[in-house]
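This report examines a protein model through its strands and its aromatic side chains. The reader is asked to keep the sequence and the 3D view at hand.

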Amino acid sequence: MKRSLKIYFLVFIFLIFSTYNTKEIKRSPSFFFPIEEILIEKNVAINLLKIKAELGFLINTSLFFLDKEKITTTINKYDFISSIQLKKKYPNTLRIILIEKIPIATQIIGKKKFYITKENNKINFTDIKVYENLPLIFGNYKNFNFFYSDLEKSNFNINKIKAFYYFDIGRWDILLENGKIIKFPEKNYMDLLPRINLMLNDSNFSQYQTFDFRIKDQLILN
């Protein structure tokens, strides 16, 4: 009896796939595991209601035969999204996990503002509360991630930086939250970073607001 049931089941499955090809199932999506719920996870910067509305075309389509290309095209319109993961939860739920780009600073070029990521991606600026206290970058520097990476490698306290100022001659100034300014030379600033770290944590230098290293082998304090 069990063997007969198994045979009937296999015949049923065969008839389904021989009668309906993939395209036909997509045209009649509610036939095979229709999607009733879409869960979007790990979003910080994206408007959840807006993206859910744009993905509304998925409702009642087949969970088994997802139109991944259309999903990707829809989601890629959002600057903040780096990639996505699709998880099927049978019988009727689709989980979409968003991997977002993480800004490390806000750049101001002329009258325009952008978010800049560690990967040096430029994202159109929009007011997002979680990113409202990012340091500002003034100046048109195209490879900010290199300078930022150098600071990280030296264990510089990046969280204390209020603003970065880039000058076209090829050098940086840094403004800290406590009002102190560090003026870097055009070249070999990496050699100075351990020394700068020590000075900023040394009470003997607490009275000074400006640390000027622009002239080679000299330090001007003000």
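A residue is called buried if its relative accessible area is under 20%, exposed if this area is over 50%, and partly exposed in between, with a 1.4 Å probe and protein chains only. At 37% relative accessibility, Phe-64 therefore counts as partly exposed.

The model is predicted: local features need pLDDT of at least 70, side-chain atom pairs count only at pLDDT 80 or more, and totals for chains, interfaces and linings use all residues. Residues are numbered from 1 along each chain as its sequence is written, and side-chain values use heavy atoms, with hydrogens and water left out.

Helices (H or I, at least four residues) and strands (E, at least two) are DSSP runs, numbered from the N terminus. Phe-64 is placed in the loop between helix H3 (48-54) and helix H4 (68-75). A charge sits over a ring if NZ of Lys or CZ of Arg is within 6 Å of the ring centre and within 35 degrees of the ring normal. The charged end of Lys-88 is found over the ring of Phe-64, 5.9 Å from its centre. Lys-122 lies over the face of Phe-114, at 4.9 Å from the ring centre.

**Strands and hairpins**

Two strands pair if DSSP finds at least two bridges between them. The table lists pairs of strands.

| Strands | Bridges | Direction |
|---|---|---|
| E4 (residues 103-109) and E5 (residues 112-117) | six | antiparallel |
| E4 and E7 (residues 136-138) | three | parallel |
| E8 (residues 161-167) and E9 (residues 171-176) | six | antiparallel |
| E9 and E10 (residues 181-183) | three | antiparallel |

Strand E4 is mostly covered, with five of its seven residues buried. Its residue Ile-109 has Lys-112 in E5 as bridge partner, while Thr-106 has Leu-136 in E7. The hairpin of E4 and E5 has two residues between the strands, and Gly-110 in the turn has a positive phi of about 65°.

In strand E9, six of six residues are buried. Which residues point which way from E9? Arg-171, Asp-173 and Leu-175 point one way, and Trp-172, Ile-174 and Leu-176 the other way. Leu-175 in E9 stands opposite Ala-163, and Asp-173 has Lys-183 in E10 as its bridge partner. The hairpin of E8 and E9 has three residues between the strands, with a positive phi of about 110° at Gly-170 in the turn. In the hairpin of E9 and E10, which has four residues between the strands, Gly-179 takes a positive phi near 95°.

**Aromatic pairs**

Rings of Phe, Tyr and Trp (its six-membered ring) pair if their centres lie within 6.5 Å; planes under 30 degrees apart count as stacked, over 60 as edge-to-face and the rest as tilted. The count by this rule comes to 18 aromatic pairs. In one of them, the ring centres of Phe-138 and Tyr-165 are 4.9 Å apart and the planes are at 10°, so the pair is stacked. This pair links distant parts of the chain, with Phe-138 in strand E7 and Tyr-165 in strand E8, 27 residues apart. Phe-138 is partly exposed, with a relative accessible area of 28%, and Tyr-165 is partly exposed, with 29%.

Phe-147 and Phe-164 form an edge-to-face pair, 6.2 Å centre to centre with 85° between the planes. Phe-147 lies in helix H5 (residues 144-153) and Phe-164 in strand E8, so this pair ties together parts that are 17 residues apart in sequence. Both Phe-147 and Phe-164 are buried. They belong to one aromatic cluster, whose members include Trp-172 and Tyr-189.
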